[in-house]
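Take a look at the model below.

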Amino acid sequence: MLNFLRRKKDNVQLFYHTDMHNHILPGVDHGSQSVEQSLQMLEAEIKMGIKRVICTPHVTAETFENTPDTILPAFNVLQKAVAEAGLDVELHVSAEYRLDDFWNKQYAADNLIPMPGKFLLVENSFMQELLELDELLFDLAIKGYQPILAHPERYGYYSHRHHRYETMHNAGVCFQLNILSLAGYFGSSARDNAVWLVKNGMVDMLGTDMHNLEHAEIIMEYLRSKDWRKMSALLEPHIMNDDIA
Ligand SMILES: [Fe+2]
């Protein structure tokens, strides 16, 4: 058992209670590989002050072609294990949808698992921005979904195109920042973009994007830093994780 899960006195609690981006669901992507690992990750979430976890496994063409048929059985297994372990956490299930060919098919077939309130977490390609991104985000809104762009700070092609952030955010797209990006885990470009988004009041939600316990440990260490104290003061008025209902 990892020491940081045992340590109590220096735990820092988040100011919200819903983690809406993580890879805790066992055996469906490159996140948790077992129910036991999922339970340890949920214990880490609870230590951070999280009371509600919306599981968001990857849905990506070729690598993780998950559908409700693969996601929902894994969710049922986890829910049962959480009840048996007596963990005090409420679970929900959705997904992180990469906007690619597989998405196009699932979207056309209405084969999605939205979050409560029809919030939908979508992810850009890391190589280049989708040509028809604005049209797609608009179409989602027309169909009653509230799109959330996962970790906008991590797409390198926005580093010198911050106006794209403004266009999307003004069009009503929610932005979800990774705490790991603020901690510097994804490098200086993601960290710089993250700080810019925080300072410009464009961060609507925060996520752990936790794939394993190492991520949990890095986040917990960052939550004890002066930088987090500064960032969280700027973030708190905008964050609406707990409004996903
Ligand atoms: Fe993710």
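Helix α2 (residues 35–47) and helix α9 (residues 213–223) pack at about 10°, their axes 10 Å apart. Axes are lines fitted to C-alpha atoms, for helices over the stretch in contact, and angles run from 0 to 180 degrees between N-to-C directions. The pair is therefore roughly parallel (an angle under 35 degrees). From α2, Gln40, Met41, Ala44 and Lys47 meet Leu213, Ala216 and Met220 of α9. Contact requires C-beta atoms, placed from the backbone, within 7 Å. By class, five of these residues are nonpolar, one is polar and one is charged.

This is a predicted model: local features need pLDDT of at least 70, side-chain atom pairs count only at pLDDT 80 or more, and totals for chains, interfaces and linings use all residues. Residues are numbered from 1 along each chain as its sequence is written.

Now the whole chain. It has ten helices and nine strands, which are DSSP runs (H or I, at least four residues; E, at least two) numbered from the N terminus. Its C-alpha atoms fill a box of roughly 45 × 40 × 30 Å along the principal axes. Of contacts with a separation of 6 or more, 78% join residues 24 or more positions apart.

What share of the 245 residues is buried? The answer is 40%, where buried means 20 or more other C-beta atoms within 10 Å of the residue's own. The largest nonpolar core has 61 residues. Leu25, Ile71, Leu120, Val122 and Ile148 have the most contacts inside it. Such a core joins buried Ala, Val, Leu, Ile, Met, Phe, Trp, Tyr and Cys residues through C-beta atoms within 7 Å. Beyond its neighbours within four places in sequence, Ile148 is in contact with Phe119, Leu120, Leu121, Val122, Cys174, Gln176 and Met205.

Technical notes
Angles under 35 degrees count as roughly parallel, over 145 as roughly antiparallel, 65 to 115 as roughly perpendicular and the rest as oblique. Two residues are in contact if their C-beta atoms, placed from the backbone, lie within 7 Å. Ala, Val, Leu, Ile, Met, Phe, Trp, Tyr, Cys and Pro count as nonpolar, Asp, Glu, Lys and Arg as charged, and the others, Gly among them, as polar. A residue is buried if 20 or more other C-beta atoms lie within 10 Å of its own, exposed if 12 or fewer, and partly exposed in between; C-beta atoms are placed from the backbone.
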